[in-house]
Amino acid sequence: MTATEPIHARPTLADVADAAGVSTATASRVLNGLGNVRRETRDQVERTMLALGYVRQRAPRGLPADRTGSIALVVCEEGMRLFADPFFARVLGGVNKELAPTDIQLALLMTQSVKDYETSVLRYLRSGHADGALFVSMHGRYPIDLSRVGVPVASTGRPVCAQAARYSYVDSDNKGGAQCAVRHLIALGRGTIATVAGPTDMTPGIDRLAGYREAVGENGILDPGLVAYGDFSQPSGEHAIRLLLERRPDIDAVFVASDLMAIGVLRGLRKAGRRVPEDVAVIGFDDAPAARLTDPPLTTIRQPVEEMGARTARELLTLIGDPKAQPRRVVLGTELVIRESA
């Protein structure tokens with residue numbers, strides 16, 4: 001079964017009313033957010049809608065009867081991360097660029113836990129408010145069951161779930177980019193190359209660490225003590241480099257799994273009295289706008305973030321327009337951008 005195939009025949013509002021033990025008029029008032037419905041009754045109807053997979057049918061002008069004219073962008077991060085990390089704004093820019101000619105509206109949903117997903121995001125999607133869902137920044141610690149969404153799904157980044165191959169996603173070559181970064185450091189003559197890896201429950205963190213390990217392993221210099229972890233934020237990068245310097249004061253290079261963490265690494269090295277790149281070379285990942293403004297400017301792996309967002313939206317529109325379309329897995333290339341930090 002693909003993400004575009006319905007799990008069951010689509011229930012009607014009358015089916016919901018019957019299963020909830022209320023009148024169709026009462027179910028309609030709940031669906032439309034009207035008053036004069038007891039809290040217990042409203043909760044019962046909403047639980048029944050979720051259990052049956054009820055999808056509201058609305059027909060904006062010019063669209064088929066079962067289309068809403070909107071797509072949900074589901075960001076699996078806390079609110080502050082959404083605004084602090086430029087990655088999300090760049091993804092959103094790409095998505096908006098792809099949707100602009102279509103007049104399709106974009107609804108932003110945020111989920112920080114399985115509970116949030118079950119009680120708000122899943123309810124929203126299965127209540128017929130969107131024609132499809134575009135997921136960003138999925139975490140393995142939130143094991144979201146995409147098969148329960150009830151609408152076509154596409155993800156920016158490979159989903160962290162056992163059924164990832166069943167869904168469309170657009171990713172960058174995280175592993176290959178990390179290998180390229182480390183091989184560049186080796187070519188510069190650096191011999192003690194550490195890494196600040198990303199979260200181990202996200203595919204970018206997993207794949208970039210795998211690329212680092214393969215590249216350093218080619219030269220027989222793999223050392224678990226040279227690995228520290230962050231959460232893709234600037235403070236976590238500064239904390240990680242402090243730990244690494246305590247373990248291995250002889251570090252002469254660091255591959256950092258995101259540019260924001262790399263900015264923290266540069267700050268930590270400066271506090272420790274280490275010069276970049278003379279004492280320690282640093283390479284980040286993303287080529288965020290801030291990478292050009294650091295001191296020194298940051299060498300980094302460029303991934304096509306805006307293109308990832310646009311391509312994911314394009315794949316989702318294909319699934320919405322053609323229920324028989326097969327899921328596609330797209331991996332976009334990365335490249336090394338050499339600046340002064342390495």
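Glu 340 is in contact (heavy atoms within 4.5 Å) with Pro 277, Pro 296, Pro 297 and Thr 299, leaving aside its neighbours within four places in sequence. Glu 340 is found in the segment after β12. This is a predicted model: local features need pLDDT of at least 70, side-chain atom pairs count only at pLDDT 80 or more, and totals for chains, interfaces and linings use all residues. Residues are numbered from 1 along each chain as its sequence is written, and side-chain values use heavy atoms, with hydrogens and water left out.

- Glu 340 counts as exposed, because its relative accessibility is 52%. Buried means under 20% relative accessible area, exposed over 50%, and partly exposed in between (1.4 Å probe, protein chains only).
- Glu 340 and Val 282 are 58 residues apart along the chain, and their C-alpha atoms are separated by 9.1 Å.
- Is Ser 233 buried or exposed? Ser 233 has a relative accessible area of 14%, so Ser 233 is buried.
- Ser 233 is found in the loop between β7 and α9 (234–247). Ser 233 touches Arg 81, Leu 260 and Met 261, not counting residues up to four places away in sequence.
- Asn 219 has its place in the loop between α8 and β7. Asn 219 is partly exposed, at 43% relative accessible area.

- Helices (H or I, at least four residues) and strands (E, at least two) are DSSP runs, numbered from the N terminus. Two strands pair if DSSP finds at least two bridges between them.
- An open sheet has 6 strands in the order β7-β6-β8-β9-β10-β12, with mixed pairing.
- β7 (227–229) and β12 (335–337) stand at the edges. Each has a single partner strand, so one side of each is left without a neighbour in the sheet.
- The twist averages 20° from one strand to the next. Axes are lines fitted to C-alpha atoms, for helices over the stretch in contact, and angles run from 0 to 180 degrees between N-to-C directions.
- Strand β10 (residues 299–302) and β12 run antiparallel and are joined by 3 bridges. Ile 301 stands opposite Leu 336 in β12.
- Helix α8 (residues 203–217) lies across β6 (193–197), β7, β8 (253–256) and β9 (281–286). Helix α8 runs at about 170° to β6.
- Helix α10 (residues 259–271) lies across β6, β8, β9 and β10, at about 160° to β9.

**The cavities**

- A search of the whole structure finds 2 cavities of 30 Å³ or more. On a 1 Å grid over the protein atoms alone, a cavity is a set of points where a 1.4 Å probe fits but cannot get out, and lining residues have an atom within 4 Å of a point.
- The largest cavity holds about 300 Å³ of space. A volume is the space filled by probe spheres set on the points.
- 23 residues line the largest cavity, and the closest to its centre are Phe 87, Ser 137, Met 202, Pro 204 and Phe 232.
- Which helix gives the largest share of this lining? Helix α8 does, with 3 residues.
- The second largest cavity has a volume of about 30 Å³. Its lining residues are Asp 85, Pro 86, Ser 258, Asp 259, Leu 260, Asp 286 and Ala 288.

Conventions
On a 1 Å grid over the protein atoms alone, a cavity is a set of points where a 1.4 Å probe fits but cannot get out, and a pocket is an open set with protein on both sides within 12 Å along at least five of seven lines; lining residues have an atom within 4 Å of a point.
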